[in-house]
Amino acid sequence: MKYEFDIIVVGAGHAGCEAALAAARMGMETSLLTIRRDRIAQMSCNPAIGGLAKGQLVRELDALGGEMAKVTDATGIQFRMLNLRKGPAMRSPRAQADRKLYREEMRRRVEAQERLTVLDEVVDDLLVKNGKVTGVRTHSGSEYAARAVILTTGTFLKGLIHIGEHQEVGGRFGEPAAERLSDSLTAHGLKIRRLKTGTPPRLEGKTIDYSKMREQPGDPDPKPFSFSTKKLNRPQVPCYLTWTTPETHEILRKNLDRAPLFTGQIQSAGPRYCPSVELKIVRFPDKDKHQVFIEPEGLDTTEVYCNGLATSVPKDVQEKMVHSVPGLEAAEITMYGYAIEYDFAPPTQLKPSLETKGIKNLFHAGQINGTSGYEEAAVQGFMAGINAVLKLRGEGPLILRRDEAYIGVLIDDLVTKGTEEPYRMFTSRAEYRLLLRQDNADRRLMAHGHGLGLIGGEQFAALQEKEQRIAETIAFMESTRSKDLPEVDLAQYLRRPHVTFEDVVQISPRLGEVCPDPGVREQVQIELKYAGYIQRQMAQIRKFRKMEKWRIPDGLDYEHIQDLKREARAKLNEVRPRSLGQASRISGVTPADISVLMVYLTSKANRT
């Protein structure tokens, strides 16, 4: 049987859902192929969305027209703003989600979307003709024709699960792997490598003694993830915090000879910043405890997730390990932790649009690019979906800059630097994080979403009104003085340490009438208090953009630039940077190499 679509998305995880929804909403006949329809948007690891830097990604995705934030608001069971004691650039929203409800709500939205067809299929082969993808062939023998294909395969490419010495093929516990697609990618010239990730045991909540743990409640006045959600009306449930003990560490040390990470059974690189607990006790031998975060799986289940105890040690060792943690002495394990190895395609093989360099109209998003995390996957899927549509329309891609969005930082890091281990987003990766805050994602990116047709006119008009109110409020404050503080205007007073917008309202009630909206007040306070820092960062950005605008011609042969070091030539030929700015961020390319390249490009431009 043969079927025809404009775009085929392979895999219905967080990347696949965003890719398929974006493509269909932009008018393309789209098919989403998944191994199991009932596992659409499954939270394979912890039941949470957001966190440090990840929350910024989700807010940016929402500002562009994605779905993750809306589904989180509809199914979340605890909402917190992290780092409230730090500056606004470091604050990040995080939500516990009801795992089952999240999956069901995203599936409902996907299946209800016009122009989007969901099919239960395992993809075995890419169909490629004259260097351009033309569709896919499935395990059932069906061929699906498409003008573009987006691969969002998660951990399913030759997935191999490890629990102690036991190994089994699977893309996720209880689900089959995609065993043949990697070979097809290799046959078409793509490089494939292996990575590893892991998950902790799940526990029966009724067998936990929470009195021995520290309760972690949600915010008393929680803020929504989505800019379109007016107020959260979801029930909030607590999480709990406990710690491993010296006994826990001794149990693991005595059984390292049975741990796949230390026996050579697993050789792939795992996530550096979220390692298995057995790796933690080896890497940090002086620490006598590590944090364990107990997260509820949902409102209609008593099962909980043990964040911090990711492991692949044998089941009997997992039992002893869990029972050595305060509050978990009698805990029953409902699902054992495991590690999983899987194939990925090093992302330096991609253009900044997430289209592969070697095969036209083939896009990759999510863990196939070497990332970890639902949020990193979702934003890649969304951008791949958009750029696949733009490519089919004959339009240029949407490339978000590093100074424009965390999404831009993520994708630029991947395609420019590549990754040797599962990539995770952090605020420290963003040079211009003072401007890339979670609170202003709508102001930075919603115009893009509106231009693509993914943000409605009413929502965009509300943003424009918000911008006008911010400008009017700042103008009022800069031109108004209080009789109690005649020596300074209201804006100068707000810039003083420890003075808040509400403090200014107390001395000038008229300001409260001019600006009653809490969201506008927040933006005004940040702009005025951090004006000097923002201006300094804007100066840095102007220099950055100058380098980004210095374009490198397509097809430039770096072997002919004699003064470049051999390593620089190899790296530049591999990455094929679009600009001098991107070239400067390639590992192995030095400032001296950039100077040589600058001189060469200037000389070439003068000759032409």
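Predicted model: local features only at pLDDT ≥ 70, side-chain atom pairs only at ≥ 80, totals over all residues.
1. Of the 42 residues lining the second largest pocket, the closest to its centre are Lys 223, Asp 517, Pro 518, Gly 519 and Glu 522; lining residues have an atom within 4 Å of a point. The largest share of this lining, eight residues, comes from H17.

2. Local features need pLDDT of at least 70 and side-chain atom pairs 80 or more, while totals for chains, interfaces and linings use all residues. Residues are numbered from 1 along each chain, and side-chain values use heavy atoms, without hydrogens or water.

3. Helix H1 (residues 14–25) is largely enclosed by the rest of the structure, because eleven of its twelve residues are buried, that is, under 20% relative accessible area with a 1.4 Å probe, protein chains only. Helices are DSSP runs (H or I, at least four residues), and strands likewise (E, at least two).

4. The structure holds 52 salt bridges, each a side-chain nitrogen of Lys or Arg within 4 Å of a carboxyl oxygen of Asp or Glu. In one of them, Arg 99 pairs with Glu 297, with the closest N and O atoms 2.4 Å apart; Arg 99 lies in helix H4 and Glu 297 in the loop between strands S16 and S17, so the pair ties together parts that are 198 residues apart in sequence.

Technical notes:
1 Å grid on protein atoms, 1.4 Å probe; cavity = no way out; pocket = protein on both sides within 12 Å on 5 of 7 lines; lining within 4 Å. Buried < 20%, exposed > 50% of the residue type's maximum accessible area, 1.4 Å probe, protein only.
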